[in-house]
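Hi,

Here's the structure I promised to pass on to you. Have a look around it first, then read my notes below.

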Amino acid sequence: MRIAHAPSQLDRRPRAVAIGTFDGVHRGHRSVLRATVESGLEPTVITLDPHPRIVLGNRVELLTTLERRLELLAEAGTADTLVAAFTPEFMRLSPEEFVETYLRAIGAEAVAVGEDFRFGNKRAGSVETLRSLGLEVLEVDEVEGVSSSAIRDAVRDGDLATAASMLGRPFELDGTVVTGDQRGGTLGYPTANIAMDAQLVCPRYGIYAGEALGNRAAVSIGTNPHYGGTERRIEPFLLDFEGDLYGARLVVELWERLRDEAVFDSEEALIDQIAKDVDATRAAVRPV
């Protein structure tokens, strides 16, 4: 997939264009993307970054980094993605200016959007505006009950099965491995400490089962209360893994919430519980 940051970076050719933020690239988004792929035209995406609600001063906990979003768009069959900077200048574009600058300039003949799609200054443009300007609006199969906000709510509650059913895949943690307390190695369970973007949604604190790099992973999310911690830590232990992950990007699927964080009577009791968590992780089933 080719990635552009301005319309001038894409050749003008017959395209079907999906427009939106696509945070999470969930099942509803994939229905929109599928319409472009099946159109017979060059399947293209215009994705907005940063998230419009963040630019407008709202708090939004994102489901995916931009890097992961682009990877998922490519997996869905997108040929070209234009990352449109959501700036005050972008917001001031009239619907006609948006169509001319971002759609006609790259050769768009058809667009795939939801029926409630709005665009342009003061959200003045609609699906009917697109049609009136000579663009075909592709039919998109509606996926009911799926939204980025609903997925965020499920993740915050630790309801990974519900989140996965809406995403069409397990929810993921995505960050860089940094130096932590290095306590896990002394307990016999060396963990990677992931630094995640503060704008990404974080599940309810607790112990989870999942997978990373093809290995099962027992993941601790929280403050390590047994040791009196106060800062959030995200620490996966990759079962049967050997290697140095420091400085590497790590994407971790979360499959199942195993238990709450806890304070134990002794370090031996903690080690015994970790062993049980590892056994539960080996037995966990990937959702979806």
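Let's start with S9 and S12, which pair in the antiparallel sense over five bridges. Two strands count as paired if DSSP finds at least two bridges between them, and the labels are DSSP runs numbered from the N terminus: helices are H or I with at least four residues, strands are E with at least two. In this pairing, Gly-210 sits opposite Leu-254 in S12.

Before going on, a word on where this comes from. It's a predicted model, so local features need pLDDT of at least 70 and side-chain atom pairs count only at pLDDT 80 or more, while totals for chains, interfaces and linings use all residues. Residues are numbered from 1 along each chain as its sequence is written, and side-chain values use heavy atoms, with hydrogens and water left out.

Now the wider sheet. As a reminder, strands of a sheet pair through backbone hydrogen bonds, either parallel or antiparallel. Here six strands make an open sheet, in the order S8-S7-S12-S9-S10-S11, with antiparallel pairing. At the edges you'll find S8 (193-195) and S11 (233-238), each pairing on one side only. On average, neighbouring strands are turned by 45° against each other, direction ignored (axes are lines fitted to C-alpha atoms, for helices over the stretch in contact, and angles run from 0 to 180 degrees between N-to-C directions).

Helix H3 (residues 66-75) packs on this sheet and touches S7 and S12 (249-259), where contact means heavy atoms within 4.5 Å. The direction of H3 makes about 90° with that of S12.

Last one: which residues of helix H8 (residues 160-167) are buried? They are Leu-160, Ala-163, Ala-164, Met-166 and Leu-167. Seen down the axis of H8, they fall within an arc of 165°, so they line one face of the helix (the arc is that of the directions from the helix axis to the C-beta atoms). Their cover includes H1 (27-37), H7 (148-156), S7, S9 and S12.

Cheers

Methods. Buried means under 20% relative accessible area, exposed over 50%, partly exposed in between (1.4 Å probe, protein chains only).
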